[in-house]
Amino acid sequence: MAKQHIFIKNEWIYASGNTIAVSNPVNGKEIGQINETSVSQTDSAVSAALTAFPAWSATPAPERARYLYAFADLIDANLEDLALLLTQEQGKPLLEARAEVSFSSAFLRHAAEAARRLEGEILPGDARDEHIMIHRVPYGVVAGITAWNFPVALFTRKVGPALVTGNTIVIKPHELTPLTALVLAELARKAGLPAGVLNVVTGAGRTVGEHLVKHPDVSLISMTGSVRAGREIYAAASHDIKTIRLELGGKAPFIVLADADLDKAVQAAIQAKFVNGGQVCTANDRMYIEEAIYDKFVAKFTEAVRNLRTGDPLEQVDLGPRASQPEVSKLHAILERACRSGAKVLLNLNDSSGPDPAHTNGNWFYPAVLEVTSNDLEIMQEETFGPIAPIMKVSSLTEAITYANQSKYGLSAYVFTQNNRNIMRCVAELQFGEIFINRGAGESVHAFHAGYKLSGIGGEDGKHGIEGYLRKKTLYNNFS
Ligand SMILES: NC(=O)C1=CN([C@@H]2O[C@H](COP(=O)(O)OP(=O)(O)OC[C@H]3O[C@@H](n4cnc5c(N)ncnc54)[C@H](O)[C@@H]3O)[C@@H](O)[C@H]2O)C=CC1
Ligand SMILES: O=C(O)[C@@H](O)[C@@H]1OC[C@H](O)[C@H]1O
């Protein structure tokens with residue numbers, strides 16, 4: 001697998017567009033290069049997927065599954081190398097990178113297990129001697145577009161369901177974190193996937209990504225990323241009325257009530273805020289703490305944040321660097337605006353920590369804890385996607401739910417309480433697609449990850465995620 005190549009029809013092709021350097025977020029050092037895929041090369045990738053589609057969709061599902069099991073086995077066999085490369089291109093702690101790689105093969109195995117459950121329906125006709133059959137059939141060519149925060153997991157989260165249902169796919173990884181996607185393509189080739197079933201192109205979203213979305217032979221688009229990109233993709237796909245699935249941003253409320261297990265709530269709040277350095281769409285992005293336990297929670301949480309270690313992700317740290325320098329600038333601006341609009345700084349490790357001399361060129365931003373008194377502040381409304389933790393006091397669950405729902409996002413929410421009535425009220429009243437009760441972040445592959453409002457459309461994971469890669473074909477069979 002040579003540098004600056006893309007993967008089309010199981011072959012490595014030199015991409016002819018501009019070169020994009022891939023840098024290690026720890027120190028800014030170049031670790032690789034990709035080239036932008038040209039328009040004609042993107043067309044070739046889609047053409048390869050289209051050509052492979054008839055044979056692949058006619059392959060019995062259990063046979064398609066066998067390729068996915070083999071792919072998953074190769075990912076597991078190469079876990080350490082993949083995790084190391086993931087840490088080098090994205091910056092997450094190696095321990096988290098290993099977990100992501102393991103999770104990525106779990107996505108493939110879950111999809112493979114669905115091979116025997118791609119069911120249709122037979123209905124009695126209204127006319128004599130007539131049956132109605134509802135078939136579930138693949139779309140054809142899928143465009144998979146992924147974000148930089150979980151480049152390995154998001155790759156297989158889309159490839160698994162797309163392929164087991166008989167679709168073929170062209171994947172475009174984020175231009176910041178493309179290298180792991182290219183390694184995954186090589187592992188898929190070694191797993192024996194037929195040529196053209198999986199193709200990988202590289203380049204930026206508004207060039208390569210947009211051309212892929214608009215390509216007339218792409219029938220389904222599955223993208224994970226920002227609301228900004230999601231809107232652009234939605235618009236680009238509208239011309240041909242394409243089917244799209246968008247996993248976008250979030251602004252998860254983290255509600256802790258007076259009857260909660262306080263230590264468990266603090267531990268989960270830390271985990272859900274700082275895993276992947278806060279660069280998670282389901283991150284705890286605003287905390288609402290009932291007044292009776294507010295001071296205790298704030299003291300425990302702030303002390304725990306003070307003890308977090310930020311540094312070289314190859315060492316025993318809790319946070320690595322930001323994925324890019326623009327993310328660092330964005331977070332400093334968010335913090336400054338929050339303070340100017342009245343947020344009180346309870347802790348800001350950016351004041352006391354300076355980058356380790358060995359990391360002076362890295363993308364460093366350190367955890368900060370804020371106390372806010374208004375739910376209207378930008379820090380309580382806009383996605384942070386970083387280690388800034390705003391906390392607000394609430395008088396009741398009712399007030400917490402009101403504040404939580406005052407959001408243009410609706411992906412994940414967290415609630416800590418030991419009262420069943422409170423839990424059932426949250427299920428009924430919280431306007432979020434995914435609610436975590438008395439636990440931290442982290443989805444299960446067989447559940448369903450879907451956002452309301454600006455957080456997306458369609459959803460992923462579980463049987464409903466598999467269903468998203470199938471459409472129905474209704475047959476009226478009159479045999480009178
Ligand atoms: N809901 C979820 O599961 C997730 C949501 N996100 C959200 O994504 C954001 C950060 O991730 P980024 O990767 O920086 O987002 P991004 O939106 O910049 O990029 C996401 C992907 O879309 C592509 N893209 C961008 N503009 C495009 C266009 N006009 N046409 C076609 N493709 C385009 C990019 O090249 C990339 O591959 C955050 O807001 C985060 O919350 C990130 C991960 C998961
Ligand atoms: O996309 C996200 O940020 C989350 O859904 C994240 O992606 C893969 C991880 O396993 C999820 O927690």
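1. Ile8 has Glu11, in strand S2, as its bridge partner. Strands S1 (residues 5-8) and S2 (residues 11-14) run antiparallel and are joined by four bridges; strands count as paired if DSSP finds at least two bridges between them. Strands (E, at least two residues) and helices (H or I, at least four) are DSSP runs numbered from the N terminus. S1 and S2 form a hairpin with two residues between them, and Lys9 in the turn has a positive phi of about 55°.

2. On provenance, this is a predicted model, in which local features need pLDDT of at least 70 and side-chain atom pairs count only at pLDDT 80 or more, while totals for chains, interfaces and linings use all residues. Residues are numbered from 1 along each chain as its sequence is written, chains are lettered from A and ligands numbered from 1 in the order in which they are written, and side-chain values use heavy atoms, with hydrogens and water left out.

3. Around ligand 1 there are 29 residues, of which Trp148, Ser226, Glu232, Leu248 and Glu383 come nearest; a residue is near if one of its heavy atoms lies within 4 Å. By class, this shell has 11 nonpolar, 10 polar and eight charged residues. Here Ala, Val, Leu, Ile, Met, Phe, Trp, Tyr, Cys and Pro count as nonpolar, Asp, Glu, Lys and Arg as charged, and the others, Gly among them, as polar. Helix H7 (205-214), strand S10 (218-224) and helix H8 (227-238) each supply at least two residues of the shell.

4. Polar contacts (pairs of N or O atoms within 3.5 Å) to oxygen atoms of ligand 1 include a backbone N or O atom of Thr146 at 2.7 Å, a backbone N or O atom of Gly205 at 3.2 Å and a polar side-chain atom of His449 at 3.3 Å. The protein buries 94% of the 840 Å² that ligand 1 exposes when taken alone; accessible areas come from the Shrake-Rupley method with a 1.4 Å probe.

5. Ligand 1 lies between domain 1 (5-248 + 455-478) and domain 2 (252-444), because both give residues to its shell. The domain bounds come from an automatic or database assignment.

6. The residues surrounding ligand 2 include Phe103, Val280, Glu443 and His449. Oxygen atoms of ligand 2 lie 3.0 Å from a polar side-chain atom of Asn149, 3.0 Å from one of Arg157 and 3.1 Å from a polar backbone atom of Cys281. The protein covers 92% of the 310 Å² of accessible area that ligand 2 has on its own. Domain 1 and domain 2 each contribute at least three residues to this shell.

7. The whole structure holds 11 aromatic pairs, with ring centres of Phe, Tyr or Trp (its six-membered ring) within 6.5 Å, and planes under 30 degrees apart counted as stacked, over 60 as edge-to-face and the rest as tilted. Phe254 and Tyr414 are stacked, at 5.3 Å centre to centre with 25° between the planes. Phe254 lies in strand S12 (residues 252-256) and Tyr414 in strand S18 (residues 412-416), so the pair ties together parts that are 160 residues apart in sequence.

How values were computed: Polar contact = N/O pair within 3.5 Å; in protein donor to acceptor, adjacent residues only side chain to side chain.
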